[in-house]
Amino acid sequence: MVYQHEPQWTHNDYLNTLSDYGAVGFVLFFGATLAVFLRCYFGRKSKPSPATAASWDSPLFWQAVAVGVLAFSIQLVVDFHFKIPALAMVFAMITALLLQRVWKVEHQKDRLAPMVKWGHGIAALTVAAGLVSQVLPHYRSESHRYSARQALDKLWQYDDSDPVYREKLNFALNGLNRATAIDRNHPQAWADLSYATALRDHVETTSPQVLGKEAEGYASRALEITKVVPEFWIRRAVARDMQQKW
């Protein structure tokens with residue numbers, strides 16, 4: 001019953017990726033994965049292993065591993081394994097071992113090698129800087145927003161005169177205020193804050209017009225960041241309705 005009331009994922013990792021990251025993200029992830037596998041297939045080693053090689057060096061062993069990877073990829077059509085970190089990590093490690101075995105790498109000395117190493121170092125530092133300055137704050141903000149939205153989505157279970165209603169609403173408001181303070185460009189956090197502010201009308205004596213004006217400001221901030229999410233327009237419409245702006 002919980003999953004019926006609070007659906008989070010489809011049972012299809014390909015659809016999940018498409019819905020989470022859009023067409024561009026889907027192509028970057030699975031398109032790159034397909035390109036790597038095609039490169040490995042056409043560039044696989046054809047030289048037979050020596051008779052004294054260990055069993056894991058046998059082509060048959062790595063063909064079996066490849067079949068396992070293929071089976072896992074097919075299973076993603078009916079499940080969301082990549083949402084489970086342990087499965088994603090095991091899949092990545094096994095796939096990496098397979099790539100190491102079948103992808104020929106020619107080691108050549110190159111005068112540009114030092115420059116390439118410097119380039120890799122600069123790229124790594126750039127990624128690390130972006131991680132610290134952009135990604136981590138966003139995920140911290142999303143953590144607060146997600147918990148707050150879960151609390152809001154459970155308010156229907158309580159009457160607005162129930163103290164638990166006010167408690168959960170205050171919890172959500174505090175979490176959303178923290179979320180928007182950490183990441184000022186998180187549109188969903190602003191929209192949820194607009195939603196929670198409108199719900200204050202059920203437990204406070206503050207004028208609906210005052211709360212509506214505040215909620216409209218939060219919804220408008222979400223729409224300044226992106227206008228493609230229908231919910232943001234609905235939040236602003238509700239806020240304007242509270243002010244009798246029809």
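Predicted model: local features only at pLDDT ≥ 70, side-chain atom pairs only at ≥ 80, totals over all residues.
Residues are numbered from 1 along each chain as its sequence is written, and side-chain values use heavy atoms, with hydrogens and water left out.

I then placed N12 in the loop between α1 (2–5) and α2 (13–42), where helices are DSSP runs (H or I, at least four residues) numbered from the N terminus. The side chain of N12 also reaches the backbone nitrogen of L15, at 3.0 Å. N12 counts as buried at 13% relative accessibility; buried means under 20% relative accessible area, exposed over 50%, and partly exposed in between (1.4 Å probe, protein chains only). Leaving aside residues up to four places away in sequence, I found N12 touching L76, V77, V78 and D79, with contact meaning heavy atoms within 4.5 Å.

Next I followed α2 itself, and found a kink of about 125 degrees centred on G22; the bend at a residue is the angle between axes fitted to the seven residues ending there and the seven starting there. Among the buried residues of α2 are D13, N16 and F30, and what covers the buried residues of this helix includes α4 (85–102).

I turned to salt bridges, each a side-chain nitrogen of Lys or Arg within 4 Å of a carboxyl oxygen of Asp or Glu, and a search of the whole structure gave 12 of them. One joins D20 to K83, with the closest N and O atoms 2.7 Å apart. That pair links distant parts of the chain, since D20 is in helix α2 and K83 in the loop between α3 (59–75) and α4, 63 residues apart.

Which residue forms a salt bridge with K245? I found that it is E216, with the closest N and O atoms 3.7 Å apart. E216 lies in helix α8 and K245 in the segment after α9, so the pair ties together parts that are 29 residues apart in sequence. E216 is buried, at 13% relative accessible area, whereas K245 is partly exposed, at 39%.

Technical notes
Helix = DSSP H or I, 4+ residues; strand = E, 2+ residues; numbered from the N terminus. Polar contact = N/O pair within 3.5 Å; in protein donor to acceptor, adjacent residues only side chain to side chain.
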